[in-house]
Structure formats: C-alpha cells, structure tokens
Amino acid sequence: MTTYVALVRGINVGTSTLVPMPDFHRVLEEAGFTAVKTLLRSGNAVFDSTTLLSASDVAHLEARFAEATGVSARFVVIEGREFARVVDENPLVEFSDDPSRLMISFLPGPAPEAVTIELPDAAGLLPEVIRLGSRAVYAWCPNGVSKSAIPLRFWKQFGPAATTRNANTANKLVSLVLPRLEG
C-alpha cells in the first residue's frame, strides 16, 4: 500500500470552481483509492493506493474529477514520504514568523534546474524571499499573498499544474501522512 497526497489546483476560490469535499472524496474512492481523507475546502486529500501512480494515472484522475464535478482542474499527486520530505526541506522556515504566509508551491515533478529559471531580483522583492527546492518553490510573503511582489511571469515558468499551499496546510497534511507511514 502506498500513501499519496493529492492537491487540486484552483478549486473553491470562486463561484465557478465550487466543489464540495464529499464529491472530491467520492471521486477518489470511485477511482479505487482507500482510506481517503480530505482536508479543508481547497482540494487537499490523503489516500492509499495498491498501485504506484504514474502521470497517466493522474491525468485519468483529473478527467474523472472533471466528469464528476463539472470542474476541470489540475492535480499534483505526491507519494506521502516525498511530500513530507518536500515540506521538511523548506529553507524559509527561519524567515517566517507566520506559517500562513509561508507558501509552498508544489510541482507535479522535479523542479527545473535553477539555471533554467528566471528569478526575480531578490533585492526588489524584499521583504519577500523565494527559494527553489527539489519539488517545490518556497515563498515567504510577510505582507500576504494578495500583496506579493513576486511577478506572475515567475510562477508561469512552473506550468499550469503547480499549486500552492501555506505551511499550516502543508503541515496538517504531513500530520495525516506520517501515521500511515509508521503503521
């Protein structure tokens, strides 16, 4: 049995993308996953699978989700141990005094090499800070995400599936994953 974390991008942020969590839960169960647990309304779930999931499996899950809910959305699905490692390797924890403003943008695969990414001018972003990780982009946004100076063109380099959660949410997901890994 393998534990996974599924992060759905962009649901329940406007009236056109409303998806009740019981519907999301049902989609995962009908796809054959077990021990499904959703968290909050922003499209977070932890589940178990008897098979290792591929990019094709994730694409099929996205299609099932769209068919069942009427909302087309991209998924980032990460094996539980890897998810916990990505959250744990956050290099910006030392800068943060508010985990709700410490953002983790999860990527559907390994992060691109730093030399291929056009980083914004670090001095121009202050007090914000960004760092690239193995499978995530970390951003400290002390003034809040809505007031962030990080340009949209920076985020677009990571593709349409990358999805962001604050450190509070990411840590809650880790707390759902870890007992499954220890059991």
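Guide: Terms first: helices (H or I, at least four residues) and strands (E, at least two) are DSSP runs, numbered from the N terminus. The model is predicted: local features need pLDDT of at least 70, side-chain atom pairs count only at pLDDT 80 or more, and totals for chains, interfaces and linings use all residues. Residues are numbered from 1 along each chain as its sequence is written, and side-chain values use heavy atoms, with hydrogens and water left out.

Visitor: Which residues does a cis peptide bond join?

Guide: Leu126 and Pro127, with omega at about 15°. Pro127 sits in the loop between helix 4 (122-125) and strand 6 (129-132).

Visitor: What about the phi of Ala35?

Guide: It is positive, near 50°, and Ala35 is not a glycine. Most residues other than glycine have a negative phi. Ala35 belongs to strand 2 (residues 34-39).

Visitor: And Leu40?

Guide: Leu40 also has a positive phi, about 60°. Leu40 lies in the loop between strand 2 and strand 3 (44-49).

Visitor: Switching to rings. How many aromatic pairs are there?

Guide: There are 9. Rings of Phe, Tyr and Trp (its six-membered ring) pair if their centres lie within 6.5 Å; planes under 30 degrees apart count as stacked, over 60 as edge-to-face and the rest as tilted. One of the pairs is Phe83 with Phe106: stacked, 4.9 Å centre to centre, 20° between the planes.

Visitor: Where do those two sit in the chain?

Guide: Phe83 is in helix 3 (residues 80-88) and Phe106 in strand 5 (residues 102-106), 23 residues apart.
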